[in-house]
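Colleague: I'd like to learn how to read the fold and the surface of this one. Can you walk me through it?

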Amino acid sequence: MPEHKKKICEKSEAKFKVRQNSFFIEDIENGFDPCYEWVGKFEYINSIDDLFSYLAKNNLNLDDFELPTWDNDYPL
């Protein structure tokens with residue numbers, strides 16, 4: 001299907017999965033592959049409201065994240 005005809009999900013139907021990861025900033029700044037020893041398990045979030053609650057509980061804001069793109073291995 002052409003890119004412009006793909007269905008975009010409605011906010012009311014959106015579901016998410018998140019996990020917390022800890023990386024050494026030096027590894028990222030120096031272009032090294034980060035160590036994945038401190039990668040958490042996925043948590044499943046059933047609505048956008050629950051996502052915002054999760055972010056707030058963890059002192060995060062959606063603006064803190066990189067916008068997802070099709071060529072990014074680590075989108076929001």
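Colleague: What share of the contacts between residues at least 6 apart in sequence join residues at least 24 apart?

Modeller: In this predicted model, 42% of those contacts in the chain do.

Colleague: Which residues make up the largest nonpolar core?

Modeller: Look for buried nonpolar residues joined through side-chain atoms within 4.5 Å. Here the largest such core has 5 residues: Val18, Ile45, Leu51, Tyr54 and Leu55. Helix H2, residues 48–57, gives the most to this core, with 3 residues.

Colleague: What is Val18 in contact with, leaving aside its neighbours within four places in sequence?

Modeller: Val18 touches Lys41, Phe42, Glu43, Ile45, Leu51 and Tyr54. Among them, Ile45, Leu51 and Tyr54 are also listed in the core.

Colleague: Now the surface. Which residues make the nonpolar patch?

Modeller: Phe23, Ile25, Ile28 and Tyr36 do, over about 360 Å². Ile25 sits in helix H1, residues 25–29.

Colleague: Why does Ile25 count as partly exposed?

Modeller: Check the relative accessible area: under 20% is buried, over 50% is exposed, and partly exposed lies in between. Ile25 has 47% relative accessibility, so it counts as partly exposed.

Terms used:
Residues numbered from 1 in each chain as written. Predicted model: local features only at pLDDT ≥ 70, side-chain atom pairs only at ≥ 80, totals over all residues. Heavy atoms only, no water. Buried < 20%, exposed > 50% of the residue type's maximum accessible area, 1.4 Å probe, protein only. Helix = DSSP H or I, 4+ residues; strand = E, 2+ residues; numbered from the N terminus. Contact = heavy atoms within 4.5 Å. Patch = residues over 30% accessible without salt bridge, like charges linked within 9 Å, V, L, I, M, F, W, Y side chains within 5 Å. Areas by Shrake-Rupley, 256 points an atom, 1.4 Å probe, with all protein chains shown as cover. Salt bridge = Lys/Arg side-chain N within 4 Å of Asp/Glu carboxyl O.
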